[in-house]
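Let me put the structure up, and then I'll walk you through it.

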Amino acid sequence: MAFFLETLIGGLMSGMLYSLIALGFVLIFKASGVFNFAQGAMVLFAALAMARFSEWIPKGLGIESKVLGNVLAFAAAMLVMVIVAWLIERLVLGKLVNQEGITLLMATLGITYFLDGFGQTLFGSQIYKIDVGLPKDPIFLFDKVFEGGILVSQEDLYAAVIAAALVAALSLFFQKTATGRALRAVADDHQAAQSIGIPLSRVWVIVWSVAGFVALVAGIIWGSKLGVQFSLSVLALKGLPVVILGGLTSVPGAIIGGLILGVGEKLSEVFIGPMIGGGIEIWFGYVLALLFLLVRPQGLFGEKIIDRV
């Protein structure tokens, strides 16, 4: 039971990180109807910016405090992501208003490859580290209940708490603020939202900036765990099965879908993997998403669209 709970807790903590990445997909889709295939590239680009600024800024300004250096690096990386969001709206999305979905999808694919290449040009192509002070040593919980206790990674625990707090804050932002309601109105109908005075271009800059912030936090967490390397953009695509499970338009769906994927991956890898040679964690989410597409294509919490013909 202790080993099972250890695996379950690990899966839940990984699931919160998946939820955080999936939230970027959901935010942009809700506000613009665009399936943002570039979210993985945004995570990588943001992580590269944070890693390099945390190195350049202390050296350039002679700052010895790691906390102050990280705060300034975070602010600089966030500014970069806002600029990226503004450029995407001005140069790409603003030119493609009311175009077909496939056109917008291809545009985000182009943004993906541009960010991958431009990130290497601007920040370099080596493996970089991000040190924001997350503790690395594991701890043992419930040692009085189970013999030897349950081994939990402190870094994963802190990362899961940060991800959960951010997901909760963004959920409240969408539901309770005037800007959040404007974003939902734009998502429902671009032309109707414009007709009542909601500025479409400003809303898109805001939502892409928020998605950039989400990508930055996710990039910092994953970069702290694994180092900033170009496999991060592939790892961030684990958000795709999550949004298929939860629903492209549902913030709660992104949370539940991430938890399902995280737990399912860990349990299947640990308990089923040894029987078939392992590697289940790599493809489990995509197979689960395929099954959902066959049975419930709108996801657990997505809206079922009925077209009258």
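Predicted model: local features only at pLDDT ≥ 70, side-chain atom pairs only at ≥ 80, totals over all residues.

Numbering runs from 1 along each chain as its sequence is written, and side-chain values use heavy atoms, with hydrogens and water left out.

So, the overall picture. How does the radius of gyration compare with a compact globule? For 309 residues the globule would come out near 19 Å, and the protein has 20 Å, which agrees. That radius is taken over C-alpha atoms, and the rule is 2.2 Å times the number of residues to the power 0.38. The C-alpha trace spans about 65 × 60 × 35 Å along its principal axes.

On burial, 49% of the 309 residues are buried, where buried means under 20% relative accessible area, exposed means over 50%, and partly exposed is in between, using a 1.4 Å probe and protein chains only. The accessible surface is about 15,100 Å², and carbon and sulfur atoms own 66% of that; the areas are Shrake-Rupley, with a 1.4 Å probe, and for residues only the protein chains shown count as cover.

Now contacts, meaning heavy atoms within 4.5 Å. Of those with a separation of 6 or more, 73% are between residues 24 or more positions apart.

On to the aromatics. There are 10 aromatic pairs in the structure. Rings of Phe, Tyr and Trp (its six-membered ring) pair if their centres lie within 6.5 Å; planes under 30 degrees apart are stacked, over 60 edge-to-face, and the rest tilted. Take Y18 and W222: the ring centres are 6.3 Å apart and the planes sit at 25°, so this one is stacked. Y18 is in helix α1 (residues 2–32) and W222 in helix α8 (residues 200–226), so the pair ties together parts 204 residues apart in sequence. Both partners are buried, Y18 at 4% relative accessibility and W222 at 7%.

Compare F53 and W56, with centres 6.0 Å apart and planes at 75°, so that pair is edge-to-face. These two share helix α2 (residues 39–61), three residues apart, which is about one turn of the helix. F53 counts as buried at 16%, whereas W56 is partly exposed at 35%. Ring pairs also link F53 and W56 into a cluster with F45, F114, F118 and F123.

Last bit: two single residues. L245 sits in helix α10 (residues 239–246), and at 0% relative accessibility it's buried. Leaving out residues up to four places away in sequence, L245 touches G257, I260, L261, L288, A289, F292, G299 and L300.

Conventions
Helix = DSSP H or I, 4+ residues; strand = E, 2+ residues; numbered from the N terminus.
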